[in-house]
Amino acid sequence: MVKTGQDHINAVRDGRQIYLDGKVITDATEHPAYRNAIKSAAMLYDYQAAPENIERMTFDLGDGHRVNRAWQLPRSYAELVERRKALTEWSELTGGFLGRDPAHVASSMCGQFMGAEIFDEHSPARGKAFRDWFHEARRNDVFMTYVINNVQGDRSKAYGDQGPGAEDMVARIVDEDSEGITIRGAKLFATSAIMANEIFVGTGQPLKPGEEHLAFSCALPMDAKGIKLLSRKSYEQHAGSEFDYPLSTNFDENDALVFFDDVKVPWERVFVHRDTAMCRKQLHNTPAHVYANYQSEIRIAVKLRFLVGLARGIAEVINTITVPAVAETLGRLAAQAATIEGLVWGMEAKGRNVNGYYIPDAHLLYAAQVQSQEIYPEVIATIRELAGGALLMLPSSVEDFTNSDIETLIKHTQISPAVSSLDRIKLFKLIWDAVGSEFASRHVQYEMFYSGPKFVTRGNSFRTYDWDRAKATPNKLLSSYSLEGSLKGR
């Protein structure tokens, strides 16, 4: 038994509350703002369930019940690589444009489980709650999303010091009893929440003593009473047609602000309770942060390879492939894409066993994040340069092909020595959706900030680098000679 696409669609049809364009939407699976992205998520599950894929994409929990390898807990380098290959295949189905596909938060949850003893130190009851929930979520192959950032507000002030009228700005505990806690307020960024099954609520940012009411973590089904999803604009809804916007139409995972309107969380789903230090420990003192971002680098390696393939397509279609400067540019793009893929393989090879689980190397992960933030916007800008005006001279829409006179003009003017006029247009429409559309602009912003601002990723790189080893060789050389010895030798 394994989860299928229809299983996922049925689960999303749960009456969750989504707010878009002044209206409340209760069935995202049928709404033009979300239905294609939900079908894309369902496609991932159908792919894993296909008989020819099931062994590669899923693993047996021990009783014949199979779930995606995103929920696998690798015990060795070989198992980690096997898991990575499955996650790579999933990302290739979307070109890496589903930034928070089901593998991402599942990876974070697996990392937390690998270090679950930290919950026991906080509270044995919370530790049991997390383990019990994890086993249930894994068995159901749940599509998780998460919200671990607080609403910005006045960033010169702490979250608890925003002033009158801001009491509900950040999700907090407002009540608790023998059944559980009640939370009220908002959290960011619920990417993919509209098509997920459950949401993990936590805090990755530092909290200080006195903010215990903000210090909690839990997991909730998306249809929990009081959860309200405030959706951003849907690029899918405004895309027009798949021909004109092939990425926007299918892979707009959407982002949302979540407001918890007095949401009751039962104790069996509460993992951290009023402990400001534990909120960060849950994510950073377990392998959670490493595992989640390792998955992200797997995905962005796929995405960069996709974009570099588009760049090569430009050079072939407009016949600049033999121009030395273009070949040089393509070589640089290829090196940039290979850098991230190589770092993924490196963090696996340099990994280590912790508590019986195999963990990718943290510093090479953070090095990959630093590089990814730099590389992605550079690749987008380079593709724009390679394409030039070709991106601005495309037919207005697929409707142009319904007019025979316009279609004739298109055939006369959209010329390529390598492909037909139709294939030329299709390629450049795809390229525009990847580098120039509103959907593309969102992806640049996402890839630059999903792992935090640059000072955060660079700080992680600084914190985890082996500085002692780096200093050892120059220090050895410095100690091998002296001023006195140098003067004597003159």
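**View 1. The protein chain falls into domain 1 (5–284) and domain 2 (287–469).** These bounds come from an automatic or database domain assignment. The model shown is predicted: local features need pLDDT of at least 70 and side-chain atom pairs count only at pLDDT 80 or more, while totals for chains, interfaces and linings use all residues. Residues are numbered from 1 along each chain as its sequence is written, and side-chain values use heavy atoms, with hydrogens and water left out. Taken over C-alpha atoms, the centres of domain 1 and domain 2 are 25 Å apart.

**View 2. Here is the contact between domain 1 and domain 2.** Domain 1 brings 48 residues to the contact and domain 2 brings 45, where contact means heavy atoms within 4.5 Å. About 3,900 Å² is buried between the two domains, and carbon and sulfur atoms give 63% of it; buried area is the accessible area (1.4 Å probe) that two parts lose on being put together, summed over both. On the domain 1 side, look for Phe97, Met114 and Phe243, which lose the most area to domain 2 and together make up 18% of what that side buries.

**View 3. The largest pocket lies between the domains, because domain 1 and domain 2 both give residues to its lining.** A pocket is an open set of points on a 1 Å grid over the protein atoms alone, where a 1.4 Å probe fits, with protein on both sides within 12 Å along at least five of seven lines; lining residues have an atom within 4 Å of a point. The largest pocket holds about 1,500 Å³ of space, a volume being the space filled by probe spheres set on the points, which are joined across faces, edges and corners. Of its 46 lining residues, Asn149, Phe449, Tyr450, Gly452 and Pro453 lie nearest the centre. Helix 15 gives the largest share of this lining, 6 residues; helices (H or I, at least four residues) and strands (E, at least two) are DSSP runs numbered from the N terminus.

**View 4. The second largest pocket has about 580 Å³ of space.** Val290, Arg352, Pro360, Asp361 and Ala362 are the closest to its centre among the 27 residues that line this pocket. Each of domain 1 and domain 2 supplies at least three residues of the lining. Helix 12 (362–387) makes the largest share of the lining of the second largest pocket, with 3 residues.
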